[in-house]
Amino acid sequence: MPQDHRPTRSIRVLLAEDQGMMRGALALLLGMEPDIEVVAQVGRGDEIVDKALVARPEVALLDIELPGRSGLDAAADLREEVPDCRVLILTTFGRPGYLRRAMEAGAAGFLVKDGPVEDLAEAIRKVLRGETVIDPALAAAALSAGPNPLTARERDALGASVDGATIADIAAALHLSESTVRNYLSSAIGKTGTRNRMEAVRAARQQGWL
């Protein structure tokens with residue numbers, strides 16, 4: 001669209017997506033909207049806040065599974081560091097637990113990636129107006145699934161269990177005693193209804209609790 005046909009003011013958007021092709025496609029499609037401008041792009045979660053402090057976006061469009069730091073953790077960071085920036089989570093994984101964690105982190109919206117770009121553009125406009133935008137099917141699933149039963153420490157212990165970490169490794173990483181780590185893992189295994197910590201990790205991830 002010719003520049004003189006564009007609105008005098010565009011919505012400033014930061015885009016965080018680790019897949020370069022997807023990130024480029026989203027930036028291109030959103031840039032075709034007359035009132036949206038992608039002012040920053042990042043491929044890592046630990047780059048989001050620094051880039052936002054420089055670019056000053058009004059809306060941050062974040063994937064969840066990013067290297068360095070998850071989009072959910074970055075959403076909470078943005079709420080503290082760039083409070084005027086509204087956060088919209090866009091992910092492949094429409095898991096009820098992710099939705100609850102996103103809302104707890106201060107996100108204004110949560111959408112899955114299989115929707116049309118027109119819906120995404122409208123969601124960006126809505127969250128900037130102060131509205132909350134949530135995928136309807138995911139909202140219903142979250143209500144029926146109930147809250148995350150894992151405590152923060154149980155999630156930490158499970159999260160540190162990946163890649164074959166030993167109890168000693170987990171204890172050192174979390175600065176806890178080995179007996180405390182065992183207690184957290186045992187509790188998490190019980191709450192997920194699984195037989196061991198690897199199964200507990202898988203079950204918690206499927207629910208979006210990790």
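Author: A contact means heavy atoms within 4.5 Å. The model discussed here is predicted.

Reader: Among contacts between residues at least 6 apart in sequence, what percentage join residues at least 24 apart?

Author: The chain holds 10 helices and 6 strands. Its contacts are counted here between residues at least 6 apart in sequence. Of these, the share joining residues at least 24 apart is 65%.

Reader: What share of the chain is buried?

Author: Buried stands for under 20% relative accessible area. The C-alpha trace spans about 65 × 35 × 30 Å along its principal axes, and the chain exposes about 10700 Å². Of the 210 residues, the buried share is 45%.

Reader: How far apart are the mean positions of the positive and negative charges?

Author: The chain has 25 positive and 30 negative charges.

Reader: Which helix gives the most to the lining of the largest pocket?

Author: The largest pocket has a volume of about 640 Å³ and a lining of 20 residues. Nearest its centre lie Ser 70, Leu 72, Asp 73, Arg 101 and Leu 210. Helices H3 (71-81), H4 (96-104) and H7 (152-159) each supply at least two lining residues. The one that gives the most, with 4 residues, is H7.

Reader: Why does Glu 58 count as buried?

Author: Glu 58 sits in the loop between helix H2 (48-55) and strand E3 (59-62). Leaving out residues up to four places away in sequence, Glu 58 touches Arg 9, Ser 10, Ile 11, Arg 12, Asp 84, Cys 85, Arg 86 and Leu 128. Buried requires a relative accessible area under 20%. Glu 58 counts as buried because its relative accessible area is 13%.

Reader: Is Ala 203 buried or exposed?

Author: Ala 203 belongs to helix H10, residues 197-207. The cut-offs are under 20% relative accessible area for buried and over 50% for exposed. With a relative accessible area of 18%, Ala 203 is buried.

Reader: Which residues does Ala 203 touch, not counting those up to four places away in sequence?

Author: A touch is a contact, with heavy atoms within 4.5 Å. Setting aside residues up to four places away in sequence, Ala 203 touches Thr 192 and Thr 194.

Reader: How far apart in space are Ala 203 and Ile 189, C-alpha to C-alpha?

Author: Ala 203 lies in helix H10. In sequence, Ala 203 and Ile 189 are 14 residues apart. In space, their C-alpha to C-alpha distance is 9.4 Å.

Conventions
Residues numbered from 1 in each chain as written. Predicted model: local features only at pLDDT ≥ 70, side-chain atom pairs only at ≥ 80, totals over all residues. Heavy atoms only, no water. Buried < 20%, exposed > 50% of the residue type's maximum accessible area, 1.4 Å probe, protein only. Areas by Shrake-Rupley, 256 points an atom, 1.4 Å probe, with all protein chains shown as cover. Lys, Arg positive; Asp, Glu negative; His and termini not counted. Charge placed at Lys NZ, Arg CZ, Asp CG, Glu CD. 1 Å grid on protein atoms, 1.4 Å probe; cavity = no way out; pocket = protein on both sides within 12 Å on 5 of 7 lines; lining within 4 Å. Points joined across faces, edges and corners; volume = space filled by probe spheres on them.
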